[in-house]
Amino acid sequence: PGPVATTVPATSRPSTAVTGYARATVEADVDYLGHTLERSKQYDFIETDLGDPALLDEWLPHKAIYRRCWPKGLIAHVMVGNVPLASLFTLYRSLATKNVTVTKLPSRDPVSALCFANCIYDTDPEHPVTRALSTLYWEPGSEVEAIVLDAADVVSVWGRGETVEAIKRGVREGVEIIEFGPKRSFAIVAEGARDSDAVALRLAYDAVSYDQEGCFSLQEAYVDARTARQVAQSLADWLPAFERAVPRRELSADAAAHIQRARLEAVAEGWEVLASDDSSWSVVLTDGPARIDEHPLARFLYLHPIEDAEEAIATIDRNVQTVSFEPWDTVDRFRDPITAAGADRIVQIGRMTRFRPGFIHDGFYPMRQMVRWVSLEREIAHKYRFTDVSPEAYDERLYGRVAGMHALTNVQSP
C-alpha cells in the first residue's frame, strides 16, 4: 500500500454538489467529526469495543492469562455513499486498530472519504497511518475488486442487500466479513407524551437528517392515537421550517415519481395526507399500524396511530436498528420487549443521528472483528481465584500415576 490515490475525478467540487445534501448538513458532519475524533473521544471509541486501548500496544493481565490485540492484517472496505460519516468512521476503526486499510470509494460520494484520507496524507505523508492507507475507486465485479478481495484478511462491506451478497461471493473461504446491511428505524410516541409540538419538532429533525437515507433515519412513527393528529399537524409546520433551513437534496425523476405514487396510494387507502405542493415533504396519517413495503424516503413520514406501545413493538424484527422513544420516563418498561424483538438501539426522540459514548453499532463491536486476540497463559504457580493447591499437587494429579508406573517399571526391569 502506498500514498492515497487521487485519480477520482471532480474531487475539488464541494461535497454539497456531490452528495446533494445541504451545506448545513455537510458542515454539521465535518464539525461532528472534528469533535468525535479528539484524542479523548478516541479512547471512548476503543474502550467501547476492546475494553482497554492499551491492548493494542501491550500485554495486560486478565484472569489467569495475559492478553493483547494484533491487527488482522489487510482490511478491505466497500463503503456506502448515503451517509458520508459512515465511510469516515469505518476507515477510522480500521486505522485505529493498526490494520493495512484499502477503501473503495462509493460512486455516489467519492469526495468525503477521499478528502478525509487526503487530510491524513497532508498532515504527514510518511506517517505509518498514512502509509497503511490506500483510498481508490473500482467498478463492482472488476479485476481490481477481485485482486483486493483476494488479498484481504477481513472485508468490511456496507450497502444494500444485493451489494453485500455480491461481495460475499467474491471473498475467499476463511476471510471474515464485517457486514453492515440495510436497516430501518422508527419512533414510538407512547401514552403520556406531554408536548405534541415539541415531539413533532424532534421527529422532524430525525426525518430530515440525511433525507431518511441512513440506517438510523426516522421513516415511520407509531404515535398514541389520542395525540397522533395533533403531532401530524405540528409536523406539517416543522417540516417546511426545516426545508427553509436545510433544503432537501434534489431528486431524480424516478424518486420524485415514487413520492407522488406513495401519496396517491395513501389517499386510496383512506389515509390522511399532509404535504407540500411540491415533493419536499410529506406526512401520512394512517388508520393504524400498517406494513410499508416501499418507503419513498426523501422526508416522507408515516404516522401510525396506536392504542398501546405493544402494537409498535409487534412490528420489530432483526432489521430494525434504532427505536426512538417518548415519554422517556417510561422507557424502562419497554426496553426489554423492544430489544428482545430485535432492535439494537433505543434513544430519545430527536437523537437518532447523534451517538453517545459507548454506542454499539448494529448489535456488535466492529473493532473486535478487526483485531486478533492472543493470550499468554500464566505459570501454574499463579493460583488465581479458585486454585487452592500447590503446583506440586497439580503435577501429581496430572502426571503422578504415569510417573509412578514408569518408576515402578524401571525398578522391576533387570
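Mentor: Rings of Phe, Tyr and Trp pair if their centres lie within 6.5 Å. In this predicted model, the structure holds 12 aromatic pairs.

Trainee: Why is the pair of Phe-300 and Tyr-302 called tilted?

Mentor: Their ring centres are 5.0 Å apart, which is within the 6.5 Å limit, so they pair. Planes under 30 degrees apart would be stacked and over 60 edge-to-face; these planes sit at 45 degrees, so the pair is tilted. Both Phe-300 and Tyr-302 are buried, too.

Trainee: And what makes Phe-325 and Phe-334 a tilted pair?

Mentor: Here the centres are 5.4 Å apart and the planes at 40 degrees, so this pair is tilted. Phe-325 and Phe-334 are buried, which means each has under 20% relative accessible area.

Trainee: Where does Phe-325 stand?

Mentor: Opposite Gln-348 in strand E14.

Trainee: How do you know that E13 and E14 pair?

Mentor: Pairing takes at least two bridges. Four bridges join E13 (residues 320-326) to E14 (residues 345-348), so the two strands pair, and they run parallel. The chain gets from E13 to E14 through helix H13 (residues 331-340), in a right-handed β-α-β crossover.

Trainee: What lines the second largest pocket?

Mentor: 20 residues do, with Gln-42, Tyr-92, Leu-95, Ala-96 and Val-129 nearest its centre. By class, 12 are nonpolar, four polar and four charged. The pocket holds about 630 Å³ of space.

Note on methods. Residues are numbered from 1 along each chain as its sequence is written. This is a predicted model: local features need pLDDT of at least 70, side-chain atom pairs count only at pLDDT 80 or more; totals for chains, interfaces and linings use all residues. Side-chain values use heavy atoms; hydrogens and water are left out. A crossover is right-handed if, with the strands pointing away from the viewer, the path from the first strand over the helix to the second runs clockwise. On a 1 Å grid over the protein atoms alone, a cavity is a set of points where a 1.4 Å probe fits but cannot get out, and a pocket is an open set with protein on both sides within 12 Å along at least five of seven lines; lining residues have an atom within 4 Å of a point. Grid points are joined across faces, edges and corners, and a volume is the space filled by probe spheres set on the points. Ala, Val, Leu, Ile, Met, Phe, Trp, Tyr, Cys and Pro count as nonpolar, Asp, Glu, Lys and Arg as charged, and the others, Gly among them, as polar. Rings of Phe, Tyr and Trp (its six-membered ring) pair if their centres lie within 6.5 Å; planes under 30 degrees apart count as stacked, over 60 as edge-to-face and the rest as tilted. Buried means under 20% relative accessible area, exposed over 50%, partly exposed in between (1.4 Å probe, protein chains only).
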